[in-house]
Amino acid sequence: MSEMQNPHHYRKVGYSMILVAASLAAIGLVQLAIGPDVLYADSMQRDKTAFFEMCKAGNYMQDGCEMFDKPGNTLYEIPRMTLEGTEEAESMIMEESVMETPQVSAEIVSIPSGSGAPGCEETNECYIPAALTVSTGTTVIWENTDNAAHLATSGTPDGGPDGAFDSGMIMAGATFEYEFSDKGEFAYYCLVHPWMVGTVTVE
Ligand SMILES: [Cu+2]
């Protein structure tokens, strides 16, 4: 008896054909579930983006590139129109917002005019704001708007400098920057005008 005449082999072939038919049916169902529109829109988007990149590379001089003569506008209109609601659109929106967020954050503490004479401590305004709360990695910029020189030295008038930071003399109109990398509460004061006190709380 040859291999082809083995009835068990016919049965195997039969099973194989059922399997192939089932696979085709499954592929059809998956295609229905995904929807051809999504795939179509996706490839349309790819084509448009590729075309735009080609135009951009050629400085918009080629035929058909007039539609992109306002670079920047069109590039961002395309994804919004065709990809809204898809995962890709969401990730693009996220990328955009990441780009808009400044990488370095900074806060300004103003040293107001007249703080070289006692009195500003009565309203807690020798540094403005006298109590500042920032997140780690923030750069605090002390801006001396007075016509006298001042300092921002970490520590307290009673305990003296604690060594965390020290501006040295900030001359009239000058600034001092310090980046707070560690969490904690940092008291500081002015060495030459000890009524001037402030705190930076880093969270
Ligand atoms: Cu001072």
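Modeller: Two strands pair if DSSP finds at least two bridges between them. Strands themselves (E, at least two residues) are DSSP runs, numbered from the N terminus. The model is a predicted one, in which local features need pLDDT of at least 70, side-chain atom pairs count only at pLDDT 80 or more, and totals for chains, interfaces and linings use all residues. Residues are numbered from 1 along each chain as its sequence is written.

Colleague: How do you know that strand E3 pairs with E6?

Modeller: Strand E3 (residues 138-144) is joined to E6 by six bridges, and the criterion is at least two. The two strands run antiparallel, and Glu-143 stands opposite Thr-175 in E6.

Colleague: What makes E1 and strand E6 (175-180) edge strands?

Modeller: The open sheet has three strands in the order E1-E3-E6, with mixed pairing. E1 and E6 each pair on one side only. From one strand to the next, the twist averages 20°, taken between axes that are lines fitted to C-alpha atoms, with angles from 0 to 180 degrees between N-to-C directions.

Colleague: Why is Asn-124 called partly exposed?

Modeller: Asn-124 has 13 C-beta neighbours inside 10 Å, and therefore counts as partly exposed. A residue is buried with 20 or more other C-beta atoms within 10 Å of its own, exposed with 12 or fewer, and partly exposed in between; C-beta atoms are placed from the backbone. Asn-124 lies in the loop between E1 and E2, and its phi is near 60°, a positive value in a residue other than glycine.

Colleague: What kind of peptide bond joins Ile-128 and Pro-129?

Modeller: The bond is cis, with omega about 0°. Pro-129 is in the loop between strand E1 (106-111) and strand E2 (131-134).

How values were computed. Helix = DSSP H or I, 4+ residues; strand = E, 2+ residues; numbered from the N terminus.
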